[in-house]
Amino acid sequence: MGGEPLVVLELADRLALQKPPGWEVDQGGAFTWPAGLARRLSGRLRALLPQRRHPIVGDSAHQRGFLHRLDVPSSGLLLVAKTFAAYHDLSLQLNAGSVVRDYCVVCHGWLPHRRHEVTARVHWIRGSGRPSDVARWGRPARTRLAVLAHAVRVGVALSLLEIRILTGRRHQIRTQCGHIGHGTLCDGRYTPSRTFLADSEWCPRNFLHRCRVTFQDAAGVEREACAGLPPELLCALALLRLRPTPCSSEGLSHWQRASVPPAFGPGLRDCDVRTPC
């Protein structure tokens, strides 16, 4: 599990980087994980983009070029600006809601197929060290989802989901899934300790993977970067026993055999991705 970050798509002034689990997206400020428990992604980025040619990678005021983040236990794609102009361009795209961020997630329980959206507001106090929570005074947060499969592992009901976030709140997916009673698999922060320990016996880390990002390049042309599930999550999927429905079989098999994520369902494709953050 883990490994080194990889460049999936590189353009003249921006790139898409695949982050393995165990790396912190340290955009600026203090390193939030204890030494030895996570590696700084900024160090790897400086090795890829020497600071003398790309000064943004050393500028915490511009998040060292990182446009967004992923939790340390999670994996998947990140957008990185190689220049200050690209950073402001991509920031504008993010704030306008035109950057698409898609995920593959396994959560607890059999989430109803009719559930396609979560809009609970997410509250987080910067610098508090506390997890995010759902509160009416929180910031607006919108998540679209499609249930791909229902499964069982040792008597525990689970759902395989495709998720698209239309806002970018801290721990948005993990917070909202827990709020609706379907906490993400192997989540040590947003599920009870007993649940987390039981999950950890067969799934090595939080099952949340950002598999696709789409954005515009400097010329306004839409670009897409994709990343299939890493080996440790594929192994966890292989341990699931499907609930006997055609949808479950098809949904799971797509992810098990694809190095590139399958096209997302109509519920996600048809949603308005231009909801401002």
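Leaving aside neighbours within four places in sequence, which residues is Ile173 in contact with? The residues are Tyr103, Val105, Ile163, Ile165, Thr184 and Leu208, where contact means heavy atoms within 4.5 Å. The structure is a predicted model, in which local features need pLDDT of at least 70 and side-chain atom pairs count only at pLDDT 80 or more, while totals for chains, interfaces and linings use all residues. Residues are numbered from 1 along each chain as its sequence is written, and side-chain values use heavy atoms, with hydrogens and water left out.

**The chain as a whole**

- The secondary structure comes to 7 helices and 14 strands; helices (H or I, at least four residues) and strands (E, at least two) are DSSP runs, numbered from the N terminus.
- Of the 277 residues of the chain, 52% count as buried. Buried means under 20% relative accessible area, exposed means over 50%, and partly exposed lies in between, with a 1.4 Å probe and protein chains only.
- Among contacts in the chain with a separation of 6 or more, 66% are between residues 24 or more positions apart.

**The nonpolar cores**

- A nonpolar core is a set of buried Ala, Val, Leu, Ile, Met, Phe, Trp, Tyr and Cys residues joined through side-chain atoms within 4.5 Å.
- The largest such core has 44 residues, and those with the most contacts inside it are Leu79, Tyr103, Ile163 and Ile173.
- Strand E5 (residues 75-81) supplies the largest share of this core, 5 residues.
- This core lies between domain 1 (1-98) and domain 2 (100-211 + 230-262), because both give residues to it; the domain bounds come from an automatic or database domain assignment.
- A second, separate core of 19 residues includes Val106, Ala151, Leu233 and Trp255.

- Helix H3 (residues 172-179) is mostly covered, as 6 of its 8 residues are buried.
- The buried residues of H3 are Gln172, Ile173, Arg174, Thr175, Gln176 and Cys177.
- His171 is placed in the loop between strand E11 (156-165) and H3. His171 is not a glycine, yet its phi is positive, about 55°.
- His171 counts as buried because its relative accessibility is 9%.
- After H3 comes Gly181, whose phi is also positive, near 85°.

- Strand E12 (residues 208-216) is mostly covered, with 8 of its 9 residues buried.
- Two strands pair if DSSP finds at least two bridges between them.
- E5 and E12 pair in the parallel sense over 2 bridges, and Gly76 has Arg210 in E12 as its bridge partner.
- Strand E6 (residues 100-108) runs antiparallel to E12 and is joined to it by 6 bridges. Here the bridge partner of Val105 is Leu208 in E12.
- Strand E13 (residues 222-226) pairs with E12 in the antiparallel sense over 5 bridges, and Val213 has Ala225 in E13 as its bridge partner.
- E12 and E13 form a hairpin with 5 residues between them, and Gly220 in the turn has a positive phi of about 85°.
- In a regular strand the side chains alternate between the two faces of the sheet.

**Thr214, a residue of E12**

- Thr214 is found in strand E12, and it counts as buried because its relative accessibility is 7%.
- Apart from neighbours within four places in sequence, Thr214 is in contact with Ser98, Val99, Val100, Glu222, Arg223 and Glu224.

- Arg46 is placed in helix H1 (residues 41-48) and is partly exposed, with a relative accessible area of 34%.
- Not counting residues up to four places away in sequence, Arg46 touches Gln51 and Val57.
- Arg46 and Arg64 are 18 residues apart along the chain, and their C-alpha atoms are separated by 9.3 Å.
- Gln63 is found in the loop between H1 and E5. Although Gln63 is not a glycine, it has a positive phi of about 55°.
- Gln63 is partly exposed, with a relative accessible area of 25%.

**A charge over a ring**

- Arg243 lies over the face of Trp110, at 4.0 Å from the ring centre. A charge sits over a ring if NZ of Lys or CZ of Arg is within 6 Å of the ring centre and within 35 degrees of the ring normal.
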